[in-house]
Amino acid sequence: DDDDDAQHSFSHVPPSKSKVLPLAALAVAQVAESAWHILGFGILDDAPYISPLEFTFIRQTLTWILLTIWARWAEKDDETGGRIQFPSLRSSEFAKLVVGGVTGGCLVQLLYLQGLIMTSPTTTCIWDGPLLPVIVFCIAILRGTEKLY
C-alpha cells in the first residue's frame with residue numbers, strides 16, 4: 001500500500017527553481033494563518049447573527065471559487081484549452097479525499113470557530129500553532145508515515 005501511495009504522490013510536480021519562492025510562500029501562509037486568529041475573532045464578534053456553520057460554509061465556498069479560478073489560470077495550456085485535468089482516482093482514493101475534506105476542511109473549521117467563540121485568539125493560537133507540529137508528528141509516528149531511528 002505504501003508503494004501505491006508513492007505512485008500517487010506529488011512526485012510529478014517539478015521542484016521550484018527558486019530557493020526563495022517556496023520559503024516566501026510558506027512565510028506568507030503563516031502570516032495569513034496568524035492573522036486569521038485575530039480576524040476570525042473580530043468577524044464572529046461583529047456578526048453574532050452568523051453561526052459557525054454558516055461562516056464555515058461561506059468561507060469554504062469562497063475558497064473553492066478562488067482556488068478554481070487560480071487552478072484554471074495556473075493549469076492553462078494549449079493542449080487542454082484551459083480545462084483543468086483531474087487525475088483519475090480509484091474509489092478508495094476518492095473516499096480518502098472526501099473524508100479529508102469533511103474532517104480537515106469543514107469539521108476542523110467548525111471546531112476552531114467554536115473554540116474561538118468560547119476562548120480568546122491567543123488561547124486558540126496556542127492550540128492551533130505550537131501544538132500542531134507535535135500532534136502531527138505523533139500521528140505520523142503512529143500511522144507509520146514517519147519513523148524514529
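This is a predicted model: local features need pLDDT of at least 70, side-chain atom pairs count only at pLDDT 80 or more; totals for chains, interfaces and linings use all residues.
Residues are numbered from 1 along each chain as its sequence is written, and side-chain values use heavy atoms, with hydrogens and water left out.

**View A. Helix α4 meets helix α5.** The crossing of α4 and α5 is right-handed, meaning that the near helix is turned clockwise from the far one by less than a right angle. Helices here are DSSP runs (H or I, at least four residues), numbered from the N terminus. α4 covers residues 91–118, and its axis sits 8 Å from that of α5, at an angle of about 145 degrees. Axes are lines fitted to C-alpha atoms over the stretch in contact, with angles running from 0 to 180 degrees between N-to-C directions. Look for Y112, G115 and L116 of α4 against P121, T124 and D128 of α5; contact means heavy atoms within 4.5 Å.

**View B. Helix α2 also packs on α5.** α2 (residues 21–46) and α5 (residues 121–128) have axes that come within 9 Å and cross at roughly 145 degrees. This crossing, too, is right-handed. On the α2 side, E33, H37, I38 and F41 make the contact, and α5 brings P121, T124, C125 and D128.

**View C. Helix α6 and the glycine after it.** α6 runs over residues 131–143 and reaches 18 Å from first C-alpha to last, close to the 18 Å expected; the expected span is 1.5 Å times one less than the number of residues. Just past α6, G144 has a positive phi of about 90 degrees.

Notes
Helices (H or I, at least four residues) and strands (E, at least two) are DSSP runs, numbered from the N terminus.
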